[in-house]
Amino acid sequence: MTKRKKALFIILGIVVVGFMILLSLNQFYIDYLWFSEMGFTNIFFKEIITKTQIGTPLFIIIVLLLFFYLRFLYHISGKYLGHPQAKEGKKQNIIALIISGIIGLMLTIFITDTIWYQVLEFINKTTFNITDPIFNQDLSLYFFQLPLYQELLGIFIGISIIMAILTFGYTAYTLYQEKNVEFNRNQDLDEIKENAKGVFKGFLEIASKQIGIFLGILFFILALGSVLEAFQLLYSSSGIVVGAGAADIDVGLKVIVIKGVLCLVLAVTSVFAGFKKKYVLMAAGPVLFIVVVIIGGVSQGIYESFIVIPNQFTKEEQYLNNNIQSTQQAYGLTNVETKEFSATDEVNATGIEQNAATIKNIPINDLKPTLDMYNSLQGIRNYYKFYDIDVDRYFVNGTYTQVFLGVREMNNSLLPSDAKTWVNLHLKYTHGFGLAVSPVNKTNNVGQPDLVVKDIPPVTDVPELKIDQPRIYFGENDYSYAVTNCTSAEFDYPQGDNNQEVVYTGTAGIKMSFINKLAFALYHGSTELLLANEVTGDSKMIIHRNIIDRVSTIAPFLTYDKDPYSVISEGKIYWIVDAFTTSSRYPYSQPYGTTGNNYIRNSVKVVIDAYNGDVTFYKVADEPVLDTYGKIFPGFVKDISEMPAGIKQHIRYSKTLFDVQSEIYKTYHMSNPLVFYNKEDQWATANQIYESEKTPVPVPSSYIIMKLPQREAEFMLTIPFTPKDKDNMTAWLAGVSDGPEYGKLILYQFPKQQLVYGPMQIEQRIDQDTVISPQLTLLGQQGSRVLRGNLMTIPIGNALIYVEPVYIQASSGDNNIPEMKKVIVCYQNQIVMTDSLELSLAQIFNTAVTNANAKATQTTGDVGSVLALTTKANSLFQEAQDAQRAGDWALYGQKLSELGQVLGQLQQLSGAVPVAAP
């Protein structure tokens, strides 16, 4: 390679490295600007300051250690080679210093990046005041101390390996250079063996002390590791449950103690053997250690197979109890209030009236059909989109009402392709507008949600839902950056043939000074930011507009619910995100999901202003992990008492937490070790038939306003349980969202000696009902699909009713809107389907019907007529099908004509939705 090419490659390398450094510095600058805008610079600088505080002395120590060690190696190699003056070589000192500096810098960066956060947790640890059942240590040891010890152990082992590599490499290099040791293909086998033997002897002669020292250090580290290994037994998965079992404690722990003591002894003997050049004694240490490890593992396996398993429950009882209690504590399941629910009360019209708050909030709309309808009816333009439907409660004209809310967000990627200019994507179409709200229990006369907030700008007759600032700059969409306050106004909303425009007056955004323009142009890879005349020094750059990205960038040490929900408060729109403290370090606790975590608390609620982007973290519960975070990052979290009252009214029991808890509780409600061991009372989530599929699916947890026995009407999150592999209902769990008992879990258990219908059994009764099943079949003919909604189990006093909405959707075409057409209600042995919940309740409980125009599909006095006509319609339809298959088209037409007449009679009698003949 010529000098010119070498120079070119060097210059190219310098340019590449320089550009990478520039990108890194630019990223740092952008992050600083954003954290400064958000008011969280203490979090931004905490990592840098901590790494500097750890790294500076660490770098000095490592460099000095390596430097003097390399000098020591050079000294002993020179002494061995008969050149003692070599230790004074200036050149060797410079080389040693350079090598020490490079290795020291790499190790320092790696170590500080690995342990900086564990160091902060260690220093700021908070006690749990709960001890583990084996070693009686406070849980703070496992959460905040052991992780650092384990990282340090790994680092010490790594440094020892690096030192050993340096030693072996330097020694080999010395022997090669000074003794001119070489292997070549002209040597015969005996010469190669003799040469290798000489190298090995020379190596041992020079490095025997170092080898002994390294082995001593290694065994000392392994002795310390034995202590950590003992604590690690509390996470063992080798037994019948997570945590140390009988074999772990009776044998495994003793083996660990023996290994620890042996390692301390071997540490001393290895150093002694190295200095005395007793190579056999030196080699015996590792061999003996490996033998002990193998014997220990085999012994534990034998003990497990021949002692524990034949007497498993007796041997494991106390450890089963440890697992049960620890798992219940880790998931906040120790204070579940259990109540008996007989489900035997007789419900009449008076009972329905007394539970009016429950009845008036029974959802006859489901989330999925409502989302489809919102997008179809309230999307307004193709660039608006509802990404999710939220469930909440508001006082609607003074009445406590459960509602659906959907935020109308901007998705400018749906603009026509020729309109996707840089200006439109980043300067014009920057924000969504308003939301849609509908009560969960109401539909209009065609079965669509009865909207109480709708259109653009938002229109409502409900004072509590009035929106003064409907613009959405931050939401659930995966937004790109937006530049506001440019020379031209932003698109605001469509109005007739024109578009309204607006200038952003909020507080979000970073001022686009010339330096910031350069920085963001490089950050986004956008030359338009530099060249566009619309972007001035008064313009503002808004980034991190997705709310989950926004909060997780600020506080990545928390875990976030992936489904935030919107709130209307004082005329503004906010988002609330549930944040969790999670860990995998709770001893004896059963992990959940695929994360490996075995501890969770919903200790933080995060509020985001949808217009300004302000983020506020609120502490809703005292919890040791969060308290430690609060010490590490002072001021980042506020007390719940500081949350505005209008927002505080809308905090709710986290569905993510509830689903985790209910999944764990299906097994861990069994507190008796014997019952738990035999899995005598294991539960499963109740199943249902959903939409058009006939395959059973689990009933999802759902929010509902209801009045439970001895309690006021309140917003709750509920889920039904059945015995495993059975369909009858055994229990029903509720999480409280309102009032001073927010966060409380209540379990209603049904008598084991009597049958309480589960949702799947009700579904089967619907399919077997001789009146309802044929009507569902008929409704699903001729281009329509019948979609069954969530089947809800509703407590009324000490009894249960079951409610399921039925939707009709056109089966052909795109963007078809599912409309709620029927409501099925079941109570005891009665089951009816009518056009509304009110009519169905009236048929069963003889309650008053306020809608005089409503007609029931099935009425008490006309059951026989309806049944006869329905049976005849099914028969005629089958005969028409048979005639079609036989090719008898005349008979086919005749049967269709007769079927049309019967359907007309059925419609006149029942008020059913007209169904065209096939």
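Helices here are DSSP runs of H or I with at least four residues, strands are runs of E with at least two, and both are numbered from the N terminus. With that in hand, take Glu 691. It sits in the loop between strand 22 (687-688) and strand 23 (697-698).

Some ground rules. This is a predicted model, where local features need pLDDT of at least 70, side-chain atom pairs count only at pLDDT 80 or more, and totals for chains, interfaces and linings use all residues. Residues are numbered from 1 along each chain as its sequence is written, and side-chain values use heavy atoms, with hydrogens and water left out.

Find it in the loop between strand 24 (702-707) and strand 25 (713-723). Gln 710 is exposed, at 73% relative accessible area. For the classes: buried is under 20% relative accessible area, exposed is over 50%, and partly exposed is in between, with a 1.4 Å probe and protein chains only.

Next, a cis peptide. The bond from Ile 456 to Pro 457 is cis, omega near -10°. Pro 457 lies in the loop between strand 7 (453-454) and strand 8 (459-460).

Now strands. Two strands pair if DSSP finds at least two bridges between them. Strand 11 (residues 490-495) and strand 12 (residues 498-502) run antiparallel, joined by 5 bridges. Gln 495 has Asn 498 of strand 12 as its bridge partner. The hairpin leaves 2 residues between the strands, and Gly 496 there takes a positive phi near 65°.

There is also an open sheet of 3 strands, order 10-14-13, with antiparallel pairing. Which strands stand at the edges? Strand 10 (482-484) and strand 13 do; each has a single partner strand, so one side of each lacks a neighbour in the sheet. Strand 10 pairs with strand 14 (residues 540-542) over 3 bridges. Ala 482 stands opposite Ile 542 in that pairing.

After helix 13 comes Gly 525, with a positive phi near 60°.

On to helix 8 (residues 312-330), which holds Gln 328. Gln 328 is buried, at 11% relative accessible area. Leaving aside residues up to four places away in sequence, Gln 328 touches Leu 333, Thr 334, Tyr 668 and Ser 671.

Aromatics. Rings of Phe, Tyr and Trp (its six-membered ring) pair if their centres lie within 6.5 Å; planes under 30 degrees apart are stacked, over 60 edge-to-face, and the rest tilted. The structure holds 50 aromatic pairs. In one of them, Tyr 504 and Tyr 611 have ring centres 4.9 Å apart and planes at 50°, so the pair is tilted. Tyr 504 is in the loop between strand 12 and strand 13 (510-511), and Tyr 611 is in the loop between strand 18 (599-609) and strand 19 (615-619), so the pair ties together parts 107 residues apart in sequence. Tyr 504 is buried at 3%, and Tyr 611 is buried at 7%. Elsewhere, ring pairs link Phe 40, Trp 116, Tyr 117, Phe 557, Phe 617, Tyr 629, Phe 633 and Phe 636 into a cluster.

Last, salt bridges: a side-chain nitrogen of Lys or Arg within 4 Å of a carboxyl oxygen of Asp or Glu. The count is 26. Glu 337 bridges to Lys 744, with the closest N and O atoms 2.2 Å apart. Glu 337 lies in strand 1 (residues 337-340) and Lys 744 in the loop between strand 26 (731-736) and strand 27 (745-749), so the pair ties together parts 407 residues apart in sequence. Glu 337 is partly exposed at 23%. Lys 744 is partly exposed too, at 22%.

What about Lys 752 and Asp 681? Their side chains meet in a salt bridge, 3.8 Å from N to O. Lys 752 is exposed at 58%, whereas Asp 681 is buried at 18%. Finally, salt bridges with shared partners join Glu 337, Lys 339, Arg 711, Glu 714, Glu 741 and Lys 744 into one network.

Key:
Contact means heavy atoms within 4.5 Å.
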